[in-house]
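Here is a short briefing on two chains and the way they meet. Please look over the sequence and the structure before reading on.

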Amino acid sequence: MPDLVLKGKAIKLGDNISTDDIIPGRFAHLRSNLPELAKHVLEDTVPGFASRVKSGDFLVAGKNLGLGSSREHAPVVIKMSGVGAILAKSAARIFFRNAINQGLPVLLCDTDKIGDGDELEVNLTGGMIANLTSGVALRCSKMPPIMSAILKEGGLIPYIQKHKDFKL
Amino acid sequence: MGKTLAEKILSLKSHGEAKAGDVVIADVDLAFVQDTTGPLTIRQFKESGFEALAEPQQTIIFLDHAAPSPEQQLSNDHILLRRFAEETGCRIYEVGEGICHQLVAENFANPGDIIVGADSHTVTAGALGAFATGMGSSDVAVALALGKTWFRVPESFLIELNGVFPRGVYAKDLVLYLIGQIGADGANYKALEFGGEALARITMSQRLTIANMAVEAGAKVGLFPGDKITQDFLIEHGRGDNYKPLYPDDEANYEQVIPVNLGQLEPMLSLPHAVDNVHPVTQVKGVKIQQAFIGTCTNGRLEDLAVAAEILKGKKRHPGTRLLIAPASRQVLIRAMDKGYIRNLLEAGAAILPPGCAACLGLHQGVLGDGEVCLSTANRNFKGRMGNPEAMIYLASPATAAASAIRGEITAPREIM
């Protein structure tokens with residue numbers, strides 16, 4: 001189960017970061033070798049990302065994060081890189097669902113108010129973000145209760161192991 | 001209150017009243033994976049503790065994305081998928097049979113079905129009136145075992161099609177135009193539903209092209225009604241009994257209505273590196289291309305090959321431009337051979353690739369070199385999509401691709417036809 005309050009630094013990306021940007025199709029041969037695959041996370045878009053990211057950092061994107069392919073490997077490698085949560089103005093629907101299914105929180109808010117390197121405190125339970133660098137507080141939009149429940153269990157597989165079925 | 005197509009199907013399959021914004025649990029009629037998403041699906045399925053499939057005959061593995069396999073690791077993934085099919089009794093489509101979405105259309109999708117696939121272009125089957133949507137491996141793993149999944153019922157946009165395509169303008173030009181208008185996230189979480197008087201003239205092949213790209217505007221589904229054209233297609237493919245008429249209610253509530261006069265469209269292109277970076281071909285013509293690629297779940301069907309063969313017949317590709325053709329399925333390839341299209345294409349200098357995804361996603365069969373430009377009939381032109389972040393991809397119709405292959409530069413079909 002994810003911590004209820006997370007603290008870390010923002011790594012800022014732009015709009016329309018596709019799942020091909022996050023993990024290009026040319027690495028599909030590594031999809032059954034996730035530690036190797038994870039070394040290539042975002043490498044065409046943010047050179048050096050895998051070595052820059054610290055455990056607990058926040059990936060902060062603009063609009064339409066994760067458009068494109070349904071490859072769940074995209075949130076898998078972001079999570080493996082140490083990212084504690086994703087913040088974005090909007091997220092493409094398959095990516096949004098995949099990230100939650102992997103137990104990786106995605107919070108939708110006005111990320112223009114967050115700069116690269118800002119220190120953030122993210123309250124997952126309340127859906128609030130405190131930008132400790134600028135002093136600005138941001139409210140995140142609510143996700144459907146079933147997604148909150150899946151996230152609370154740490155992802156879809158632990159959710160299903162526990163409940164054996166979907167519960168509305 | 002009337003219902004949209006999306007609300008109708010989700011009401012029926014959730015055994016209740018589904019209205020836009022509701023979250024429902026719905027029965028899944030068909031679930032599938034392909035070879036790049038299937039291995040993770042199987043690992044998630046097993047980790048969940050599942051052993052049996054809800055419906056083995058309605059569960060399919062397609063080996064199409066890396067087929068035949070270019071790498072050891074991918075060959076081993078194929079072994080894993082074949083073993084899973086043996087263990088569970090699900091269906092498997094081997095290397096060379098075709099692209100998952102084309103095979104679903106030819107063999108499985110029916111009006112009113114719910115189809116989930118671990119591939120974003122699962123939306124293609126919306127052409128047959130199926131609520132078909134892409135999901136990740138975990139969601140599909142659970143759907144395989146439980147035979148159901150949860151959905152937020154989407155709001156719908158009605159795309160109202162009127163008029164007739166001018167010469168040299170096709171369904172691909174229409175859908176590129178629409179994505180340019182709506183934007184890559186303009187229909188995020190929504191359903192696109194197609195209506196209007198022009199529907200009666202829009203063939204199943206064209207509907208598949210249009211529905212296929214609904215996801216490029218962010219949409220969850222791209223839905224056509226079940227009508228006479230759907231019925232004829234189902235009869236042609238040996239499952240006419242599965243036809244049922246499917247129309248939205250007259251008083252259905254649409255979040256937006258977007259009218260399009262087909263007669264005013266012209267050939268369109270998506271420019272690098274975004275699908276919604278759409279411009280008329282006439283504004284971009286003259287860009288040199290090193291590769292033209294005709295195929296994919298968007299434009300690898302018999303009608304597409306017919307258009308390309310007609311333009312290329314008796315002509316040659318430009319010496320500086322490779323021409324790759326990948327039929328979407330074995331059935332398409334056989335019919336294209338019978339009709340003489342394959343001979344025309346080969347005589348024009350084309351390389352014919354096995355039915356499958358081929359060069360579309362950068363794994364094999366047409367990876368681009370540094371600085372190269374490809375004109376592709378696929379659905380995505382993201383940076384790196386065809387295996388090289390230093391390459392440029394333009395998206396267009398098969399006619400524009402064929403005309404451009406002859407000239408060696410981006411060319412509107414009317415200049416050749």
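The buried residues of H6(A) pack against helix H5 (93-101) and helix H7 (156-163) of chain A. The model is predicted. Helix H7 of chain A in turn meets helix H5 of chain B through residues such as A:Leu156, which is one of those in the contact.

**Helix H6 of chain A**

- H6(A) covers residues 145-152, and its buried residues are A:Met147, A:Ile150 and A:Leu151.
- These three sit on the same side of H6(A), because they cover an arc of only 100 degrees around the axis.
- A:Gly154 follows H6(A) and has a positive phi, near 95 degrees.

**Contact between the chains**

- On the chain B side, 46 residues are in contact with 39 residues of chain A.
- Five elements of chain B each give two or more residues to that side: strand S1 (23-27), helix H2 (38-47), helix H3 (72-88), helix H5 (137-146) and strand S7 (148-152).
- H5(B) gives the most, with 5 residues.
- By class, the side of chain B that touches chain A holds 18 nonpolar, 17 polar and 11 charged residues.

**H7(A) against H5(B)**

- The axes of H7(A) and H5(B) lie 10 Å apart, and the two helices pack at an angle of about 25 degrees.
- H7(A) and H5(B) are therefore roughly parallel to each other, as the cut-off for that label is an angle under 35 degrees.
- From H7(A), the residues that take part are A:Leu156, A:Ile157 and A:Ile160; from H5(B), they are B:Ser138, B:Asp139 and B:Val142.
- This contact of H7(A) with H5(B) has 4 nonpolar, 1 polar and 1 charged residues.

**Helix H5 of chain B**

- H5(B) is mostly covered, with 10 of its 10 residues buried.
- Among the buried residues of H5(B) are B:Ser138, B:Asp139 and B:Val142, which also meet H7(A).
- Others buried in H5(B) include B:Ala141, B:Ala143, B:Leu144 and B:Leu146.

- Chain B has an open sheet of 5 strands in the order S4-S3-S2-S5-S6, with parallel pairing.
- Strand S4 (91-93) and S6 of chain B are the edge strands, and each pairs on one side only.
- From one strand to the next, the twist averages 20 degrees.
- Strand S2 (residues 30-34) of chain B runs parallel to S5(B), joined by 3 bridges.
- Within that pair, B:Leu30 stands opposite B:Ile115 in S5(B).
- Strand S5 (residues 114-117) of chain B is joined to S6(B) by 4 bridges, and these strands also run parallel.
- B:Val116 stands opposite B:Thr133 in S6(B).
- S6(B), residues 131-134, is covered on both faces: B:Phe131 and B:Thr133 are buried on one side, B:Ala132 and B:Gly134 on the other.

**A loop glycine in chain B**

- B:Gly286 lies in the loop between strand S13 (278-280) and strand S14 (291-295) of chain B.
- B:Gly286 counts as exposed because it has 8 C-beta neighbours inside 10 Å, and the cut-off for exposed is 12 or fewer.
- Leaving aside neighbours within four places in sequence, B:Gly286 is in contact with B:Glu409 and B:Ile410.
- The C-alpha atoms of B:Gly286 and B:Ala412 are separated by 9.8 Å, although these residues are 126 residues apart along the chain.

Terms used. Residues numbered from 1 in each chain as written. Chains lettered and ligands numbered in written order. Predicted model: local features only at pLDDT ≥ 70, side-chain atom pairs only at ≥ 80, totals over all residues. Buried ≥ 20, exposed ≤ 12 C-beta atoms within 10 Å, placed from the backbone. Arc of directions from axis to C-beta. Contact = placed C-beta atoms within 7 Å. Nonpolar A, V, L, I, M, F, W, Y, C, P; charged D, E, K, R; others polar. Pairing = 2+ DSSP bridges. Axes fitted to C-alpha atoms, helices over the stretch in contact; angles between N-to-C directions. Parallel < 35°, antiparallel > 145°, perpendicular 65-115°, else oblique.
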